[in-house]
Structures are given as structure tokens and as C-alpha cells.
Amino acid sequence: MTEQDSDLTAVVQELWDNDINRLRPGTDYRISLQSKAANLSDVSDGKEEAQSPFFTYVDETILKKETFLAFISLLDNYESVTGVPEVVTPEEEAENHRFLDSIIKTSVMKIVHKYLVKNDLSPLDTSAFKEQLHHIWFELYTRRGSSRPDSSGFEHVFVGETRGGRTVIGFHNWIQLYLQEKLGHINYKGYSVEENSPEPDENKHILALQFSWKNGIKPKGSIFVGVSPEFEFALYTLCFITSPNERVRVSFSLYDVEIVCHHYNRKHIGTTYPVLIRYQDMQ
């Protein structure tokens with residue numbers, strides 16, 4: 001681990017320790033991993049391993065907390081098909097700012113802001129920091145195959161997109177997954193295992209899974225489960241701003257993780273998600 005990764009690990013551990021809105025597995029939510037997902041060739045033939053939903057219970061009173069409500073209000077603001085230009089209404093722009101206002105007040109975002117300011121990577125002024133976050137996450141840009149702005153970092157990572165009518169891209173958020181599954185729009189197909197990664201654990205917060213959404217397949221999507229919106233937003237922002245690398249190695253709590261963070265034109269988040277390397281209580 002490099003000195004920079006070690007430095008980030010300390011900050012990420014602090015973020016984890018201060019994520020007071022994180023849900024407790026087995027208590028605030030329960031999931032059912034069932035079986036390992038089939039190969040894509042089997043999926044295309046209609047074979048499915050999982051017979052039941054991924055989420056079996058979520059305490060929805062937690063979803064009524066301020067940052068959760070502000071986050072959820074953004075999830076219906078996007079056209080999921082890549083190549084179709086996004087149109088941001090004044091109401092949607094106001095929701096973007098309401099979300100940023102809500103998370104900037106949290107402990108985890110204050111920790112990230114303090115660290116970035118100390119390293120001359122973000123402005124001290126809170127309003128200017130908010131503008132930086134808006135630029136990174138919410139400014140629209142053009143993905144491959146489109147001639148007009150059709151995507152953003154927030155849409156890709158937290159909401160999800162579809163490409164060519166058959167493939168789901170992005171979509172690395174458990175709240176969106178839960179709400180879409182509740183509506184009947186998600187068909188969970190089983191868990192995935194990254195190469196050299198441990199088997200997933202229903203009582204841990206990081207795993208990879210396969211599902212279908214809007215007639216497309218997400219062959220392997222790695223996500224945090226049960227963490228707060230502010231924790232993910234803070235962690236991914238931290239990795240994006242501090243590191244030019246596409247993979248940042250950090251350790252916190254029970255987890256040894258790589259945060260994949262692809263930049264788009266060095267200005268915006270293209271995609272970002274966690275990849276579990278190992279559980280630290282395992283040899």
C-alpha cells in the first residue's frame with residue numbers, strides 16, 4: 001500500500017466510524033443471496049439461479065431521514081437510455097441542491113471537506129465546495145454514442161443507465177436497487193464473486209450481484225449495502241479528487257477494498273464502485 005493509500009485509509013476509516021445513518025444487517029435490513037449467478041450465456045438462454053427477491057426486509061423508517069429523502073427524490077429525474085439527451089427542469093435542479101445541502105451538513109462530508117481543504121484540493125468556503133461537488137457529480141456530459149449531453153456521474157453510479165436495450169451500466173446503489181425491486185422492476189439473478197475475492201456474506205456490507213432491469217442485464221454489479229447516501233457520496237468524492245488512479249486501495253472495519261473510480265475528461269465521475277478484496281477477519 002502506498003503512502004497516499006495509507007493516508008486515505010485513515011480518512012475512510014473515520015468516514016466509516018462516523019456513518020451514523022448506516023443500517024445494521026440482519027436488523028435494519030435483511031437480504032437473501034441464494035445462489036451464485038449463472039454465466040451470461042446461461043442468462044441469455046433464460047436460466048436463473050435465484051428464485052426469490054434480493055431484499056427480504058428493510059426498515060423503511062430509516063429511509064425517511066433527511067439525507068435519504070433528499071437522495072430518493074433524485075432517482076426519478078433521469079432518462080436511463082444512453083444517447084437520449086437529459087433535460088434538467090428547475091424543480092430537478094432544486095432537488096440536486098437540496099441533496100447537496102443535506103449531505104454537506106453531515107459528519108462524513110465535513111470530514112472529507114476538511115481533508116480536501118488541508119491538501120489544497122477543495123475550497124474552504126462551503127458554498128464553493130458545494131459548487132465543486134455539483135460540477136463533479138451533476139453536470140451533464142456526453143457518453144459514447146450520443147451527440148448531446150445524456151449522462152452524469154450521479155445518474156450513472158446511483159441511478160443506473162441502459163445501453164443498446166440489453167445492458168445495464170452503472171447502477172451501484174442499494175437504495176435504488178431496493179426501491180426498484182419493490183416496484184417489480186428488478187429481477188435478482190444471484191450473487192457474483194470477483195476473481196480472488198471471498199464468498200459474499202449476508203451480514204457484510206459489500207458484495208457483487210447480477211440482476212435485470214428495464215429489459216437489460218447487469219452481469220456483475222458491485223455495491224455497498226446498508227450504508228448511508230452521504231457515506232457513499234463522501235467516499236467516492238474523496239477518491240475521485242485525491243487520486244488520478246483508476247483503483248484506490250483502502251481498508252476499514254472488516255474490509256479490504258479497491259474503489260474503482262474512472263474519470264470522465266478529468267472533470268467528472270464516469271463511474272465508481274467498491275470491489276471487495278478480502279474480509280480482514282479472514283486469512
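Strands here are DSSP runs of E of at least two residues and helices are runs of H or I of at least four, both numbered from the N terminus. By that count, Gly-190 sits in strand β5, residues 186–192. This is a predicted model, in which local features need pLDDT of at least 70 and side-chain atom pairs count only at pLDDT 80 or more, while totals for chains, interfaces and linings use all residues. Residues are numbered from 1 along each chain as its sequence is written, and side-chain values use heavy atoms, with hydrogens and water left out.

On confidence, pLDDT (the predictor's confidence in each residue, from 0 to 100) has a mean of 90 over the protein chain, and 92% of the residues reach 70 or more. Residues 41–46 are another matter: pLDDT stays under 50 there. For that stretch the model has 5 contacts beyond four places in sequence, a contact being heavy atoms within 4.5 Å. Where pLDDT is low, the predicted coordinates should not be read in detail.

Back to Gly-190 in β5. Its relative accessible area is 0%, so Gly-190 counts as buried; the cut-offs are under 20% for buried, over 50% for exposed and partly exposed in between, with a 1.4 Å probe and protein chains only. Leaving out residues up to four places away in sequence, Gly-190 touches Leu-33, Ser-35, Lys-36, Ala-37, Ala-50, Leu-209 and Gln-210. Ala-50 is 140 residues away from Gly-190 in sequence, yet the two C-alpha atoms are 5.2 Å apart.

Gln-132 belongs to helix α6, residues 126–137, and is buried because its relative accessible area is 18%. Beyond four places in sequence, Gln-132 touches Leu-121, Ser-122, Pro-123 and Ile-241. His-97, in helix α4 (residues 90–104), is partly exposed, since its relative accessible area comes to 27%. With neighbours within four places in sequence set aside, His-97 is in contact with Lys-130 and His-134. Between His-97 and Lys-36 there are 61 residues of separation along the chain and 40 Å between C-alpha atoms.

Next, the open space. A 1 Å grid over the protein atoms alone was used: a pocket is an open set of points with protein on both sides within 12 Å along at least five of seven lines, a cavity is a set of points where a 1.4 Å probe fits but cannot get out, and lining residues have an atom within 4 Å of a point. Grid points are joined across faces, edges and corners, and a volume is the space filled by probe spheres set on the points. The largest pocket holds about 290 Å³ of space. It is lined by 23 residues, with His-172, Glu-194, Lys-218, Lys-220 and Tyr-273 the closest to its centre. Two or more lining residues come from each of β4 (167–169), β7 (216–224), β9 (255–264) and β10 (268–279), and β7 gives the largest share, 5 residues. The lining splits into 7 nonpolar, 10 polar and 6 charged residues; Ala, Val, Leu, Ile, Met, Phe, Trp, Tyr, Cys and Pro count as nonpolar, Asp, Glu, Lys and Arg as charged, and the others, Gly among them, as polar.

About 90 Å³ lies in the largest cavity, which has 13 lining residues, with Ser-192, Ser-197, Leu-207, Ala-208 and Leu-276 nearest its centre. Both β6 (206–213) and β10 supply at least two residues of that lining, and the largest share, 3 residues, is from β6. By class, the lining of the largest cavity has 8 nonpolar, 3 polar and 2 charged residues. The second largest cavity has about 50 Å³ of space. Its lining is made up of Asn-77, Tyr-78, Val-88, Glu-92, Asn-96, Phe-138 and Leu-140, or 4 nonpolar, 2 polar and 1 charged by class.

Finally, the cysteines. A search of the whole structure for disulfides turns up 0, taking a disulfide as a pair of cysteine sulfur atoms within 2.5 Å. Cys-239 is in no disulfide, and its nearest cysteine sulfur, that of Cys-261, is 6.4 Å away. Cys-261 is in no disulfide either, with the sulfur of Cys-239 as its nearest. Cys-239 is buried, as its relative accessible area is 0%, and Cys-261 is buried at 1%.
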